[in-house]
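Hello,

My notes on it follow below.

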Amino acid sequence: MPLFVLDDGILPRISPMRRRFLEECLADLDAGLRKLGGRLVLRSGELVAEVCRVAAEVGATEVHMASDVTAYAQERERSLAAGLNAQGVLLQLHDRVHTIQVPGELRPTDRDYFSVFTPYWRRWAELPLRAPANAPQLTVPDIAGLAVPGFIAGSELPGGETAGRLRAREWLANTVDQYEDIHDDLAADVTSKLSPYLHFGCVSATELAARATRDHPGAGTEAFLRQLCWRDFHHQVLAARPAAAHTDLRPRGTWPDDPEGLAAWTAGATGIPIVDAGMRQLAAEGWMHNRARLITAGFLTKTLGIDWRHGAAHFAHHLLDADVANNTLNWQWVAGTGMDTRPNRVLNPLRQAARYDPAGDYVRRYVPELADLADPMQVHQPWRLGPAELSKRGYPAPIVGVEGGRVARREIEPGEALF
Ligand SMILES: Cc1cc2nc3c(=O)[nH]c(=O)nc-3n(C[C@H](O)[C@H](O)[C@H](O)COP(=O)(O)OP(=O)(O)OC[C@H]3O[C@@H](n4cnc5c(N)ncnc54)[C@H](O)[C@@H]3O)c2cc1C
């Protein structure tokens with residue numbers, strides 16, 4: 001019997017866009033199950049109590065569930081196992097569902113997880129892929145559930161397996177071959193956009209890796225597999241160190257308080273167009289290109305010097321693909337408290353803009369105050385037009401110093417590399 005519980009511990013924290021995506025996933029799952037002769041049973045409440053109640057109602061002897069790596073999920077799995085066990089029901093956790101390889105299965109000789117990506121990637125790439133399992137036969141008992149939500153037409157990224165499979169198929173056929181060359185092009189914005197589907201389990205990372213390798217071998221697929229491996233990498237770190245979702249992996253000391261800087265960053269009003277474009281894309285679409293995530297996160301932590309946890313919380317609320325492992329550990333990577341082997345690297349947003357949005361089109365798309373400027377230099381550095389022109393356009397002056405092409409709120413320390 002397929003069961004989904006809308007978990008009281010999680011739902012109040014998610015944005016309306018993410019809730020819409022989840023509801024579309026459930027609608028599509030129910031439609032898919034009906035084609036197999038079943039249906040989705042939907043309940044809501046405290047997950048452990050609800051699953052135990054349903055197991056008792058239908059006389060289940062086993063409950064099967066995909067395991068997860070966050071502290072919340074690990075605790076939930078322990079309580080569920082205990083609760084079911086007290087009723088004589090066995091909880092079977094499946095640990096090769098969310099990720100391609102099981103977190104914790106690959107280990108270096110000296111610790112319980114890989115802290116450096118490249119050796120992990122080398123070992124990961126040698127492992128065989130699990131074969132897909134067949135869809136099970138379904139006979140769903142007569143049991144009460146909530147009405148499964150309907151579909152909301154018209155969103156660019158509709159939730160669900162059907163939309164995820166279609167996107168995967170078309171993207172692999174048309175784009176993966178060029179992925180290595182174009183994945184950082186902000187204006188083209190042609191990465192797969194499969195992350196929300198991977199997060200919600202609509203698309204299997206293992207199946208994607210197998211399809212790409214079998215049908216589209218080459219440098220593009222190699223680069224794509226590397227990204228899927230980053231996903232596994234962060235999951236194996238969080239499985240071993242669940243506290244890394246809120247604690248520095250490499251302690252850095254205290255972060256200064258800067259509510260005004262944080263408010264300007266959050267609102268997309270820092271006066272640095274490439275940063276504002278990313279933040280406005282996030283607010284409007286629940287999405288941000290990976291390069292823009294790097295630039296905006298680097299600006300918050302390394303330029304403004306604001307605690308990465310504030311940035312991670314904002315992303316977690318707004319991103320459709322918000323995922324504790326990928327979000328918090330990428331934030332730690334950028335902030336220099338995580339797994340980056342060069343923790344002092346600083347991304348200069350002006351150089352990043354010139355390199356990854358050379359024509360200025362990404363900024364024009366999300367910053368209408370600058371959309372009519374033809375010269376990319378003026379789009380990326382509008383303060384060159386003078387304060388009167390900036391104020392006429394209603395675009396803010398930069399909240400940081402921008403002299404000599406360096407963007408800095410604080411002194412750049414000796415030895416810090418600027419890219
Ligand atoms: C500050 C910051 C926060 C981020 N927060 C999230 C998040 O909450 N959820 C999330 O899924 N990704 C997150 N990422 C990683 C990455 O930006 C997104 O996975 C990617 O942009 C999703 O777009 P895509 O599906 O088109 O990626 P593609 O380029 O098509 O890559 C394919 C898949 O590989 C995985 N992947 C790609 N890059 C990374 C990465 N750096 N780390 C882990 N997995 C990766 C994703 O599952 C992605 O769908 C974050 C990155 C940064 C710098």
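Domain 1 and domain 2 bury about 680 Å² between them, and carbon and sulfur atoms give 76% of that area. Buried area here is the accessible area (1.4 Å probe) that two parts lose on being put together, summed over both. On the domain 1 side, Arg18, Phe21 and Val69 lose the most area to domain 2, together 65% of what that side buries.

This is a predicted model, in which local features need pLDDT of at least 70 and side-chain atom pairs count only at pLDDT 80 or more, while totals for chains, interfaces and linings use all residues. Residues are numbered from 1 along each chain as its sequence is written, and side-chain values use heavy atoms, with hydrogens and water left out.

The domains, whose bounds come from an automatic or database assignment, are domain 1 (1-94), domain 2 (104-131 + 163-240) and domain 3 (259-405). Seven residues from domain 1 and eight residues from domain 2 make the contact (heavy atoms within 4.5 Å). Zero salt bridges are found across this interface (a side-chain nitrogen of Lys or Arg within 4 Å of a carboxyl oxygen of Asp or Glu).

As for the ligand, 27 residues are around it, and Tyr179, Thr191, Ser192, Lys193 and Asn290 come nearest (a residue counts if one of its heavy atoms lies within 4 Å). An N or O atom in the side chain of Tyr179 is 2.5 Å from an oxygen atom of the ligand. From the backbone, a polar atom of Ser195 is 3.1 Å from a ligand oxygen atom.

Regards

Methods. A polar contact is a pair of N or O atoms within 3.5 Å; within protein, one must be able to donate a hydrogen and the other to accept it, and residues adjacent in sequence count only if both atoms are side-chain atoms.
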